[in-house]
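Please keep the sequence and the structure in view while reading.

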Amino acid sequence: MVAIARSSAALAPRSAAAAAPPTLRLNAKGAAVTTLQNKLKAAGFNPGAVDGQFGPKTLAAVKAFQKARGLEADGIVGPKTWSALNKAPASSGGSGPTLREGARGEPVRALQNRLNQLGFNAGTADGAFGPKTEAAVKAFQRAKGLTADGIVGPKTWDKLGIKVSGSVTNPSGGGGGRTVTGYVNGSPRQITLSSIPNGKEMRSDAAAAFNRMHAAARAAGINLHVNSGFRSMAEQQELYRKYLNGTGNLAAKPGYSNHQGGIAVDINVGGTGTSTYKWLANNASRFGFVRTVPSEPWHWEYRP
């Protein structure tokens, strides 16, 4: 009986060890990696495909998670990382107004608090979206596999996992993130708009790309003045009426203009021989914009 007791006691540590999750690192494979990837996704960190293969994307997600939890960001999933993953609250998605550098208000304060909570240093939660907050947003976006443009739109809010509301002042013509009825090939659909210069708006992803292009042009000494962005049904109907009676430019039938889908923008280029047009011709494609109407050098569309 004594020998059996000693044998049982000796087996207990080995049994407990067998139940512990294995240490995982780059190039590991198997069910434990699948579990890891699912836990990372549930916590709001993108490991790529849940395929049981510990590749570079999973490694990046592990490091981001470790950094956010104050662990050594070595990409190795040992007992401390497993413990933190098991305790991590699930990310439930979120929403809020589109924010960028220069924005102010309570949504910015909520953003800063959330970034600081997740381990991304946004500085003092003062409700002012400055360079430190932008750097934290970009770091967070990179960690989540998003485009690191520093603009907090629907995808970034979703990864942040909080819902906020309240007034906000954005640069370049007021707040963003409002949902409207747009039209694509005659069919109505809900789209989210964000601000671009000169008081205009575009679909949020197109707006983010245009604002990056606008900043790059400005750095090169070029001013991209926007004449038209998103158009409502009433605005397109008026332009089409003028086109039909000969008092306006070519205009698409209402419901069929890409301005109504939020991806088209008219820029004051002044003709194809100007420095503005030449800059666009040489650089717009880097930001996803192309000229689509041969007779209109001012008309550009977001086609990434």
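## Pocket lining

In what follows, Ala, Val, Leu, Ile, Met, Phe, Trp, Tyr, Cys and Pro count as nonpolar, Asp, Glu, Lys and Arg count as charged, and the others, Gly among them, count as polar. On that basis, the residues lining the largest pocket of this predicted model divide into six nonpolar, nine polar and six charged.

The volume of the largest pocket is about 480 Å³. Its lining has 21 residues, of which D149, K155, S204, D205 and A208 are the closest to the centre of the pocket. Two or more lining residues come from each of helix 7 (154–160), strand 4 (187–196) and helix 8 (204–219), and helix 8 gives the largest share, with five residues.

## Overall make-up

The protein has ten helices and nine strands, and of its 304 residues, 43% are buried. Among the contacts with a separation of 6 or more, 52% are between residues 24 or more positions apart.

## Helix 3 and its surroundings

The residues of helix 3 that are buried are T58, L59, A61, V62, A64, F65, Q66 and A68. These buried residues pack against three other helices, namely helix 2 (31–42), helix 4 (79–87) and helix 6 (131–143).

After helix 3 comes G70, which has a positive phi, near 75 degrees.

## Aromatic pairs

A pair of aromatic rings is described by the distance of the centres and the angle of the planes. Five aromatic pairs are found when the whole structure is searched. In one of them, Y240 and Y243 are tilted, with 6.1 Å from centre to centre and 40 degrees between the planes. Both residues of this pair lie in helix 9 (residues 233–244), where Y240 and Y243 are three residues apart, about one turn of the helix.

## Two asparagines with positive phi

Most residues other than glycine have a negative phi. N27, however, has a positive phi, near 80 degrees, without being a glycine. N27 lies in the loop between helix 1 (2–19) and helix 2, and because its relative accessible area of 62% is over 50%, N27 counts as exposed.

N198, likewise not a glycine, has a positive phi of about 65 degrees. The loop that holds N198 runs between strand 4 and strand 5 (200–203), and with a relative accessible area of 37%, N198 is partly exposed.

Technical notes: Residues numbered from 1 in each chain as written. Predicted model: local features only at pLDDT ≥ 70, side-chain atom pairs only at ≥ 80, totals over all residues. Heavy atoms only, no water. Buried < 20%, exposed > 50% of the residue type's maximum accessible area, 1.4 Å probe, protein only. Helix = DSSP H or I, 4+ residues; strand = E, 2+ residues; numbered from the N terminus. Contact = heavy atoms within 4.5 Å. 1 Å grid on protein atoms, 1.4 Å probe; cavity = no way out; pocket = protein on both sides within 12 Å on 5 of 7 lines; lining within 4 Å. Points joined across faces, edges and corners; volume = space filled by probe spheres on them. Phe/Tyr/Trp six-rings, centres within 6.5 Å; stacked < 30°, edge-to-face > 60°.
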